[in-house]
Amino acid sequence: SPQDDVAAALVVEYGISVHARRGEDRDPYYRHLTAVADTHPGLAKHWHPAKNATKPSAVSASHTASVWWVCDEGHVFERSTLQMVSDPSCPHCALAKDSLAARFPEIAAEWHPHKNGDIGPEQVEPDHMMTAWWLCSRGHEFSASVRSRTRSHGRCPQCYGAWTMES
C-alpha cells in the first residue's frame, strides 16, 4: 500500500519507524521496549555525550542514521545504532589488531617513512589493494600493493632480482 511504502522509505532514509509515525515513540512504555539505552545498556555507555544531539534513551536500537560513539580506548567513530547492535567493535581498535604492522611486522618495517603521505602500516589491513612505497634494508625504494607484499611475502625487486652469474 502507499502507506507501507512511505513507512519503509522513512525507515530507510531517516531511521524513523512506523511506530514513531504513530506517536508510539512518545509512549514511555513503548520507548522503554525499543530505546538503545534499555535494550542494549552496554552500547549506551559508548554513546558520545557531546557529539550527539539526543540521548540513547530517545533513539531506537533499530535506528539507521549514524550517531557518534566512543570506545573504551577513547576512539571516536560514527555508526548507526542498528550497525552497533550487530557489531559493537570499534573500527580503530579492530584495525590495530589486524593491521599490517600487527600481523606482518617484518614487512611493515619496510614501509617507506616519507612517501606514503599520512598513512602508516598500523592504518592499513594486510589484504589492502593500496599501492604503497617501500624502503628495503639496503636502501632500495620500490612500490607494490600491500596485498602482494603479504600474500607472497613480496621482496624488494632489486635485491631479489639482483643476481649475477657469479652469485
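Five salt bridges occur in this structure (a side-chain nitrogen of Lys or Arg within 4 Å of a carboxyl oxygen of Asp or Glu). The model is predicted: local features need pLDDT of at least 70, side-chain atom pairs count only at pLDDT 80 or more, and totals for chains, interfaces and linings use all residues. Residues are numbered from 1 along each chain as its sequence is written, and side-chain values use heavy atoms, with hydrogens and water left out. The structure also holds two aromatic pairs. Its largest nonpolar core has 14 residues.

**Salt bridges**

- Glutamate 110 and arginine 149 meet through their side chains at 2.7 Å, N to O. Helices (H or I, at least four residues) and strands (E, at least two) are DSSP runs, numbered from the N terminus.
- Glutamate 110 counts as buried at 19% relative accessibility, and arginine 149 counts as buried at 3%. Buried means under 20% relative accessible area, exposed over 50%, and partly exposed in between (1.4 Å probe, protein chains only).
- Glutamate 141 pairs with lysine 115 in a salt bridge of 3.0 Å, N to O. This pair links distant parts of the chain, 26 residues apart: glutamate 141 is in strand 4 (residues 141–145), and lysine 115 is in the loop between helix 9 and strand 3. Glutamate 141 is partly exposed at 39%. Lysine 115 is partly exposed at 38%.
- Arginine 147 and aspartate 127 form a salt bridge at 2.9 Å, N to O. Arginine 147 sits in helix 10 and aspartate 127 in the loop between helix 9 and strand 3, 20 residues apart. Arginine 147 is partly exposed, with a relative accessible area of 26%. Aspartate 127 is partly exposed at 36%.
- Asp127 and Arg147 also belong to a salt-bridge network with Arg151.

**Hairpin of strands 1 and 2**

- Strand 1 (residues 66–70) and strand 2 (residues 76–80) run antiparallel and are joined by five bridges. Strands pair if DSSP finds at least two bridges between them.
- The two strands form a hairpin with five residues between them. Glycine 74, in the turn, has a positive phi of about 95°.
- Side chains alternate along strand 1. Val67 and Trp69 point to one face and are buried.
- Tryptophan 69 has phenylalanine 77 of strand 2 as its bridge partner.
- Serine 80 belongs to strand 2 and is buried, with a relative accessible area of 3%. Leaving out residues up to four places away in sequence, serine 80 touches His63, Thr64, Ala65, Ser66, Val67 and Trp69. Contact means heavy atoms within 4.5 Å.

**Aromatic pairs and charges over rings**

- Rings of Phe, Tyr and Trp (its six-membered ring) pair if their centres lie within 6.5 Å; planes under 30 degrees apart count as stacked, over 60 as edge-to-face and the rest as tilted.
- One of the two aromatic pairs joins tryptophan 47 and tryptophan 69, with ring centres 5.3 Å apart and planes at 85°, so the pair is edge-to-face. Tryptophan 47 lies in the loop between helix 5 (41–44) and strand 1, and tryptophan 69 in strand 1, so the pair ties together parts 22 residues apart in sequence. Both tryptophan 47 and tryptophan 69 are buried.
- Tryptophan 111 and tryptophan 134 have ring centres 5.2 Å apart and planes at 85°, so this pair is edge-to-face. Tryptophan 111 is in the loop between helix 9 and strand 3, and tryptophan 134 is in strand 3, so the pair ties together parts 23 residues apart in sequence. Tryptophan 111 is buried at 8%, and tryptophan 134 is buried at 0%.
- The charged end of lysine 51 sits over the ring of tryptophan 68, 4.0 Å from its centre. Here NZ of Lys or CZ of Arg must be within 6 Å of the ring centre and within 35 degrees of the ring normal.
- Lysine 115 lies over the face of tryptophan 133, 4.3 Å from the ring centre.

**Nonpolar cores**

- In the largest core, the residues with the most contacts inside it are Leu100, Trp111, Ala132, Trp134, Phe142 and Val146. Helix 9, strand 3 and strand 4 each supply at least two residues of this core. A nonpolar core is a set of buried Ala, Val, Leu, Ile, Met, Phe, Trp, Tyr and Cys residues joined through side-chain atoms within 4.5 Å.
- Beyond its neighbours within four places in sequence, leucine 100 contacts residues including Pro105, Ile107, Trp111, Trp134 and Val146.
- A second, separate core of 12 residues includes Val36, Trp47, Val59 and Cys71.
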